[in-house]
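Open the model in your viewer and keep the sequence panel handy. We'll go stop by stop, selecting as we go.

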Amino acid sequence: MSGRTSTRYPAELRERAVRMVSEIRPDHESDWAAITQVAMLLGVGTPETIRKWCRQAEIDGGKRPGVSTEESAELKRLKRENAELKRANAILKSASIFFAAELDRPQR
């Protein structure tokens, strides 16, 4: 049994949390204090979740280096497509070997 569970939060909640952190940040001594406050206000399980959302929003906004959400989705799509093409190639290779063997058999 895995110790990690995945709880998907709606995109609206993510956007609101990121916006709230940026709005209340000046009232707190650190980013973490603001993030912790927002997590408590919104009922998000752990402040680390909101911290990750904030970092990803900075990457998507071009304020921080990293892989954007769009790039990540495109990479995932391309990997899936690549795996599908490899499966198709393996099937075609097996079929060509089978039919080549059929052609090599003597005809009666």
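What covers the buried residues of α2? The cover includes α1 (11-24) and α3 (47-60), so colour those two helices before moving on, with helices taken as DSSP runs of H or I, at least four residues, numbered from the N terminus. A word on ground rules: this is a predicted model, where local features need pLDDT of at least 70, side-chain atom pairs count only at pLDDT 80 or more, and totals for chains, interfaces and linings use all residues. Residues are numbered from 1 along each chain as its sequence is written, and side-chain values use heavy atoms, leaving out hydrogens and water.

**Stop 1: the whole chain**

Zoom out. The protein has four helices and zero strands, running α-α-α-α along the sequence. Its radius of gyration is 25 Å, well over the 13 Å that the globule rule gives for 108 residues, so the protein is more spread out than a compact globule. (That radius is taken over C-alpha atoms, and the rule is 2.2 Å times the number of residues to the power 0.38.) Along the principal axes, the C-alpha trace spans about 90 × 35 × 20 Å. Buried residues, meaning those under 20% relative accessible area with a 1.4 Å probe and protein chains only, make up 17% of the 108 residues.

**Stop 2: helix α2**

Select residues 31-42, which form helix α2. Now show side chains for A34, I35, V38, A39 and L42, the buried residues of α2. They cover an arc of only 135° around the axis, which puts them on the same side of α2; the arc is that of the directions from the helix axis to the C-beta atoms. Just after α2, click G43, which takes a positive phi of about 75°.

**Stop 3**

A34 is buried, with a relative accessible area of 0%. Leaving aside neighbours within four places in sequence, A34 is in contact (heavy atoms within 4.5 Å) with V21, I24, R25 and H28.

Follow that list to V21, in helix α1. At 9% relative accessibility, V21 counts as buried. With neighbours within four places in sequence again left out, V21 is in contact with A34, I35, V38, I50 and C54. Try the distance tool on V21 and I50: they are 29 residues apart along the chain, and their C-alpha atoms are separated by 8.7 Å.

**Stop 4: the nonpolar core**

Which of the 14 residues in the largest nonpolar core touch the most other members? Select A17, V21, V38, L42, V44, I50 and W53. α1, α2 and α3 each supply at least two residues of this core. (A core here is a set of buried Ala, Val, Leu, Ile, Met, Phe, Trp, Tyr and Cys residues joined through side-chain atoms within 4.5 Å.) Centre on W53: beyond neighbours within four places in sequence, W53 is in contact with Y9, L13, R14, A17, V18 and V44.

**Stop 5: S68**

Finish in the loop between α3 and α4 (69-104), where S68 is found. Is S68 buried or exposed? S68 is buried, with a relative accessible area of 16%. Neighbours within four places in sequence aside, S68 is in contact with Q56, I59 and D60.

Terms used
Expected span 1.5 Å × (residues − 1). Buried < 20%, exposed > 50% of the residue type's maximum accessible area, 1.4 Å probe, protein only.
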